[in-house]
Structures are given as structure tokens and as C-alpha cells.
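Here are my notes on the model you asked me to look over.

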Amino acid sequence: MRLTFVKMHGLGNDFVVLDGIRQPLELDSEQLRFLADRHFGVGCDQILLVERATRADVDFRYRIFNADGGEVEQCGNGARCFVRFVHDQGLSSKREIRVETMSGVIVPRLEDDGLVSVDMGVPQLMPAQVPFIGSADDPLQTLQVGDREVTISAVGMGNPHAVQVVADVDTAAVEQQGPLIESHPRFPQRVNAGFMQIVDRQAIRLRVFERGAGETLACGTGACAAVVAGISRGLLDSPVRVTTRGGMLTVAWQGVGAPVLMTGPAVTVFKGEIEL
């Protein structure tokens with residue numbers, strides 16, 4: 001099978017984007033892992049599949065596969081690339097679209113300045129909805145990670161996040177703790193591990209170890225989860241500038257019950273074909 005793809009990135013969080021409307025696709029996990037492989041395939045953190053909507057109140061269906069071949073619920077940087085892809089490919093002339101994901105509907109929008117804003121929906125803070133095994137009335141949870149006990153906030157952004165505050169993201173134990181937190185038994189669907197350094201009340205630095213992908217240069221849902229965690233703990237004020245190793249996002253959240261709004265770039269790198 002000869003497959004047409006577009007390589008894109010959002011702050012260095014990179015994607016292989018596939019048009020599943022004009023070339024209907026059903027790829028198995030081995031083919032997905034091959035596409036994501038940086039030595040033998042195209043190379044990416046996630047593979048994004050654009051499909052026809054399955055319901056009347058949305059424009060498209062959005063599916064996300066991690067580099068390990070597993071399908072996941074949500075990807076914020078990918079959502080920004082998604083709307084730019086469907087616009088650039090002539091699949092839609094709308095600047096704002098409604099997109100169904102495994103975890104619900106998101107609304108990405110192309111802005112006049114070239115950036116993309118996404119309504120990421122209302123974050124989940126109740127442990128059962130993250131999902132996380134923990135106390136329902138405490139925004140701070142202790143987690144045994146190896147021989148250390150760390151304090152985290154569990155936040156659901158359509159996918160699960162465990163956010164901890166660190167003094168300096170450059171020296172944070174991301175490589176050591178990330179895999180242990182990702183597979184921690186108190187997160188039954190695994191989890192994205194966020195390491196947040198607070199710069200001031202409207203600025204943070206962030207590194208994220210993602211499920212099935214390892215540390216990425218940026219994580220959109222991770223940025224949203226970190227801001228939600230920081231505001232919930234009284235450490236931040238909306239909007240917040242989130243600096244990742246790949247660049248900066250702006251995240252706004254007005255508090256419990258309100259949706260999270262994320263704004264940042266979406267870039268096309270190249271187009272190509274590959275034989276599977």
C-alpha cells in the first residue's frame with residue numbers, strides 16, 4: 001500500500017497526519033509503529049488520522065495513535081495541526097471546526113495571526129474521571145515513585161495527567177520518574193507525567209513525559225493540565241504562558257466548570273508518500 005502523508009509539528013511535538021477521507025485507512029499497530037519510527041519510517045511522536053464525522057453535530061472525526069501503536073483519547077498540539085491540515089488540504093473552508101475525539105468534542109480555530117486556538121473542553125478533576133485512584137476531595141495527592149514520594153495533581157484533559165511542581169525543569173528527574181509515573185498502578189489507563197516550574201503567576205516552564213511516546217518537545221494537553229493544576233492550587237492566574245522545549249503556548253482557564261482555551265502554532269514540515 002502506498003500511503004500519502006503530511007509531516008507537521010506543534011512546538012516540536014511532531015506528527016504524521018493521514019487523510020482518512022480520500023484514502024480510507026485501517027492500519028494495524030505494526031504499521032503505525034513503522035510510520036512513527038525515526039530510523040526506518042517517517043518518524044513522529046503521534047500519528048493523526050482525519051476521518052469523516054460519525055455524528056451530525058461535528059465536522060470531522062479525529063483519531064490519535066502514539067508511537068507505540070496504541071490509540072489514545074486526546075492530543076492538544078495535534079488538534080492545532082488537525083485544523084490547519086483540513087484547511088490546507090481543502091477538506092474544509094471553515095476557520096473554526098467541531099471535531100469528535102475519543103474523549104469528546106473539541107473546537108479548534110485558525111486565528112488571523114496564523115496561530116491556532118482550541119477549546120479543549122472542561123477539565124476533569126474528580127479522580128474517577130481522570131481516571132486516578134485517590135481521594136476525591138484533595139487537589140494534591142502523594143504518589144510513591146520508586147524510593148521517593150512525590151506530590152502531584154491528577155487532571156483529566158480528555159487524557160490523564162499527573163502534574164508535579166519542580167524547582168527547575170532543566171534538572172528535574174524527567175527521565176527517571178517519567179516512566180515510573182506513566183505506568184503507576186494508581187493510573188489504570190497509564191498517565192502523562194508533567195514537570196512544572198513556576199516562573200511567576202502567569203508564566204511556567206514545562207516538560208512532559210507522554211504515554212507511549214516518552215518525553216516530547218511539547219505537549220498541548222500537558223500544558224492545559226499544568227495550568228489547571230496551578231490555578232487550582234492558587235499558584236497561577238489566567239492566562240498563563242507555558243514555555244516548553246519546543247516553544248510557547250498560551251493557556252486560559254477561568255476555573256471549575258469552565259473550558260480550557262489553548263493557543264499556539266501549527267506548522268507543516270513536508271508532504272510525502274511511503275510504502276507500507
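**Notes on the model**

1. Let's start with a loop: Pro-139 lies between strand 8 (116-119) and strand 9 (141-145). Helices (H or I, at least four residues) and strands (E, at least two) are DSSP runs, numbered from the N terminus. Pro-139 is partly exposed, with a relative accessible area of 46%; buried means under 20% relative accessible area, exposed over 50%, and partly exposed in between (1.4 Å probe, protein chains only). Leaving aside neighbours within four places in sequence, Pro-139 is in contact (heavy atoms within 4.5 Å) with Ile-152 and Ser-153.

2. A word on the ground rules. This is a predicted model, in which local features need pLDDT of at least 70 and side-chain atom pairs count only at pLDDT 80 or more, while totals for chains, interfaces and linings use all residues. Residues are numbered from 1 along each chain as its sequence is written, and side-chain values use heavy atoms, with hydrogens and water left out.

3. Now the overall picture. The protein chain has 4 helices and 18 strands. Its radius of gyration is 18 Å, close to the 19 Å that the globule rule gives for 276 residues, so the chain is as compact as a globular protein of that length. (The radius is taken over C-alpha atoms, and the rule is 2.2 Å times the number of residues to the power 0.38.) Along the principal axes, the C-alpha trace spans about 50 × 40 × 30 Å. Buried residues make up 54% of the 276 residues.

4. Which residues touch the most other members of the largest nonpolar core? They are Val-50, Tyr-62, Phe-82, Ile-204, Val-242, Val-251 and Val-260, in a core of 53 residues. Such a core is a set of buried Ala, Val, Leu, Ile, Met, Phe, Trp, Tyr and Cys residues joined through side-chain atoms within 4.5 Å. Helix 4 (residues 220-232) gives this core its largest share, 8 residues. A second, separate core of 18 residues includes Val-145, Ile-152, Val-169 and Ala-172.

5. Strand 13 (residues 203-210) deserves a look, with 7 of its 8 residues buried. Strand 12 (residues 192-200) runs antiparallel to strand 13, joined by 7 bridges; two strands pair if DSSP finds at least two bridges between them. Here Met-196 has Leu-206 as its bridge partner, and a hairpin links the two strands through 2 residues.

6. Strand 13 has other partners too. With strand 15 (residues 240-244) it runs parallel over 3 bridges, and Ile-204 is partnered with Val-242. With strand 14 (residues 214-216) the pairing is antiparallel, also over 3 bridges, and Val-208 stands opposite Thr-216. Strands 13 and 14 form a hairpin with 3 residues between them, and Gly-212 in the turn has a positive phi of about 70 degrees.

7. Finally, is Asp-45 buried or exposed? Asp-45, in the loop between helix 1 (29-36) and strand 3 (46-52), is buried, with a relative accessible area of 8%. Its side chain makes a polar contact of 3.0 Å with that of Asn-13. (A polar contact is a pair of N or O atoms within 3.5 Å; within protein, one must be able to donate a hydrogen and the other to accept it, and residues adjacent in sequence count only if both atoms are side-chain atoms.) Beyond four places in sequence, residues touching Asp-45 include Arg-38, Phe-65 and Thr-216.
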